[in-house]
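Visitor: Hi! Could you walk me through this fold while I have it open?
Guide: Happy to, just ask as we go.

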Amino acid sequence: MNAPAPLILTARLPEDMHAWTTRLRDEHFPPERNHLEAHVTLFHALPPSCEAELSDFIAKLVRDNAPAPARLEGVMSLGGGTALRLSSPAMLTLRDAIADHFHGSLTPQDEHRPRLHVTVQNKVSAKEAKALQALLAPQIEARDFAFKGFALHRYRGGPWEFAKDWSFRG
């Protein structure tokens, strides 16, 4: 049996946007480190001991909430990488509710509200990152979308192990 692994909670993109951002990631992420599809991380390392409680809490959130309105804003620098900047006050409010519920169990990184984004390139030189940002900036058009729900994964050092997902029903 596998040892308990930290839990990663992501916001689920609509299918078309997920496919498009995964293609961008496949084109521009260093292939030797590209083990994941496109994703929007809300929590990086929740304790495995809270999985059942987290599942129950998320089930209530999706039951009571409609898909979370969001917006693709444009290209974002990660220093040594490139991302697509997203905004969603609704998703951040839901994330805050999860953070409040699990206060005391969060890592220092997860105590802070994230800047919502999809990473399409990471761990490259600043020169490479700036070149991709210049290439993508005129191609990326701002647009509205809605997050579909949440997905839970276990971190096992490389590719993530899918655990469960939930769709908004409110």
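Visitor: Which residue stands opposite Val40 in β2?
Guide: That is Ala11. Strands here are DSSP E runs of at least two residues and helices are H or I runs of at least four, numbered from the N terminus. This is a predicted model, where local features need pLDDT of at least 70, side-chain atom pairs count only at pLDDT 80 or more, and totals for chains, interfaces and linings use all residues. Residues are numbered from 1 along each chain as its sequence is written, and side-chain values use heavy atoms, with hydrogens and water left out.

Visitor: Thanks! And what stands opposite Leu46 in β2?
Guide: Leu7 does. Strand β1 (residues 7-12) pairs with β2 in the antiparallel sense over 4 bridges; two strands count as paired if DSSP finds at least two bridges between them.

Visitor: What order do the strands take in the open sheet?
Guide: The order is β2-β1-β7-β8, 4 strands with antiparallel pairing. β2 and β8 (161-167) are the edge strands, each with a single partner, so one side of each has no neighbour in the sheet. From one strand to the next, the twist averages 20°.

Visitor: How many of the 7 residues of β2 are buried?
Guide: 5 of them, so to speak mostly covered. Buried means under 20% relative accessible area, exposed over 50%, and partly exposed in between, with a 1.4 Å probe and protein chains only.

Visitor: Switching to helices: at what angle do α2 and α3 pack?
Guide: Helix α2 (residues 51-64) and helix α3 (residues 89-101) pack at about 145°, with their axes 11 Å apart. Axes are lines fitted to C-alpha atoms, for helices over the stretch in contact, and angles run from 0 to 180 degrees between N-to-C directions.

Visitor: Which residues meet there?
Guide: Glu53, Leu54, Phe57, Ile58 and Leu61 in α2 meet Leu94, Ala97, Ile98 and His101 in α3. Contact means heavy atoms within 4.5 Å.

Visitor: And which strands does α3 lie across?
Guide: β1, β2 and β7, and α3 runs at about 10° to β2.
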